[in-house]
Amino acid sequence: MSNVNIRRAVENIRANTTVYTPLVEVIVNAIQAIDANPNGVRKIKIQAIRDPQPDMYGDVLPDIHSFSVEDSGIGFTDDHRESFDTLYTDMKASQGGKGFGRFTCLKYFEGMEVESRFLDGKQMKVRRFSMGTQNDIIVDETVEDSEDLATGSKILLRTLKASRSFEKKLSTIGRNLVEKLLPYFVTEDYSCPEITLFEDGALPIVLNDYLKNDLAADIKEIATSASTFTLNPDAPEAFKVRVFKFYHPRSQKSKICLAANHRDVAGSVLSKYIPEFEDEFFEHGESDGSGRNYIIKAYVFGNYLDRHVSLERGGFEFQIERDLVYGISQTEIEAEAAAAAKAALGGEISTRQDRKREQVQSYVDGSAPWHKEMLETVDITSLPLNPSEDQIEEHLQRAKFSRERKIKATVSSILAKSGLDHLEDDVKAVVESISATSKNDLVHYVALRRNLLDLFEKSLQRRTDGKYESEGFVHDIIFPRKQDSDGIPFASHQLWLIDERLNFTSYMSSDKPLNGHPSDRPDLLAFGNRIAFRGDNEASNPITVFEFKRPNRDDFTNPSSNEDPIAQIVRYVNSIRSGEYLTPVGRKIMVLPNTPFYGYVVCSLSTKVEKWLEEEKNFKSMPDRLGWFYWFEKINLYIEVLSWDKVLRDAQMRNRVFFKMLGI
């Protein structure tokens, strides 16, 4: 007779157990009883018992309130009976037994009843008892002779407690049991007993079948080269990872499952370590075009897990984040398991990571061009799958802060050096880093704009020799010739002088040949899928062509001139519309019938030029007469001719308030 405060023992069970914990405990005991009876039939039958009537809401299926688990094991011999009646028994310690699992039954069920046939010498006997709820673990016990020929036990988990419930579909319960008992089904050199789940009036479900059929199985293993790893070099512990596809996942997420003594104990979602596991995957059918959704579960095995599983098997004794006592934390184990799962998925994860990088690139091109210089080095691994713009911006800002902090550390290190041998090289590297980062600073950038506007204004004035700067000199201020936006950082060009929105152009080419034709070189050509200027709601992606003419030059208006900028723009547009050109870097220029084209000519508007625009080109004047425009309807082209003075004046006006705020 035992003397245990059972109520207190049950109350102290940790909350991270579930309604499945006692059912799994009973099934595992049944497996162990069968393994101890090598000559018996290796079968376990689990019966789900429902309420006699549907619930008050009229659901088709009544609730499940009890389970019985019947096995063909060795039965409750006197030794097993004494072990059951002993708190923290060590009878099954070699099998990972904690001597406490049966108490979880009373946490979720009103009672537990046992009927067991066993051999006492040569006499078959039957033992019946219930698990007590007060001080005695075994109550109402009887032992009688039996006429049965085979040993075995039948355990009844009777009546779920209020507020506890199982899923109503038997197939869902079966799948959950398979997931929790998967180590038994996949352990090498071990044959798991046949486990059948059934209820009255329904077809039985054989849990083993979830993995048996190679083509239709709901669970399939994926081979991985990263199947083993070792942690804690001071006291090495080996772990093994096995990765499985789980088809038809419903609302489940890909997960890491830490197993101990053949049971799934605890774990985390894989997306905690690799965001690309957030969404489920899809496997295409081989011939009929059909397919199945699936998630990934990475099961981790190891003696370290077996030794340190908690008493109730709802977790582990070691810490989640950092463990100074046992040496290895749960996070360390899960991070290695996540890497193995990633290796097993291979291309699927790489494809998702590439798509995420494209999303980041698109955001930077369209909304945050000041981050362009960071894209080559920033690590986006930790970004969520399908990140929002806010998440991308936050991630890039953190990366920027981290970079600046490293620069400060480098500067401090240089200043702390006592020698000068490598000072010049070190300082050069620091200055380059600081320069790249500081251009993102608003004050620096606005001050830079002020200086550039002053330079731009001077470039439009007559020199001391009476001549004006060449159009190439002015061109280089706006955007360096022979360059493109892939090679020029955001802060190194001054497209804002013409229009602020040009900073958000996906791709800009400056004085580069189109398709290798030396004569076809627009001064500036802007195109791509993220051009934001001239409206964000265009039906297609706009393409913009620029031509610059040296200040005070008007000879391009002569009838004999072959440098008519309007004719040049029209020719470029017609060539692009006809599909003659790729971009200078070999990209296809996407053009649809409704693709809008914009042309800009920047020159000095002398009387001769104005007369040429009005009388020969049929352009209309803007209200300030510092610009002219015309709509070429047939080719969907709108052209503006702007004076250098207008470009300068408008740029100064747009920036004046910032200069005033900074006192510059």
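**Strand pairing and aromatic contacts**

Strands β4 and β5 form a hairpin in which six residues lie between the two strands. The model is predicted. Strand β4 covers residues 123–131 and strand β5 covers residues 138–145; the two pair in the antiparallel sense, over six bridges. Within this pairing, Ser130 has Val139 of β5 as its bridge partner.

One of the pairs is formed by Phe239 and Tyr304, whose ring centres are 5.9 Å apart and whose planes are 75 degrees apart, an edge-to-face arrangement. Because Phe239 belongs to strand β11 (residues 237–247) and Tyr304 to helix α7 (residues 303–307), this pair ties together parts that are 65 residues apart in sequence. Phe239 is buried, and Tyr304 is buried as well. Under 20% relative accessible area is the cut-off behind that assignment. Phe239 and Tyr304 also belong to a cluster, linked by ring pairs, that includes Phe229, Phe316 and Phe318.

Contacts between a charged side chain and an aromatic ring were examined as well. The charged end of Lys107 sits over the ring of Tyr108, at 5.8 Å from the ring centre. Arg449 lies over the face of Trp496, and here the distance to the ring centre is 4.2 Å. Both distances, 5.8 Å for Lys107 and 4.2 Å for Arg449, fall within the 6 Å limit applied to such contacts.

Definitions and conventions. Residues numbered from 1 in each chain as written. Predicted model: local features only at pLDDT ≥ 70, side-chain atom pairs only at ≥ 80, totals over all residues. Heavy atoms only, no water. Phe/Tyr/Trp six-rings, centres within 6.5 Å; stacked < 30°, edge-to-face > 60°. Helix = DSSP H or I, 4+ residues; strand = E, 2+ residues; numbered from the N terminus. Buried < 20%, exposed > 50% of the residue type's maximum accessible area, 1.4 Å probe, protein only. Lys NZ or Arg CZ within 6 Å of the ring centre and 35° of its normal. Pairing = 2+ DSSP bridges.
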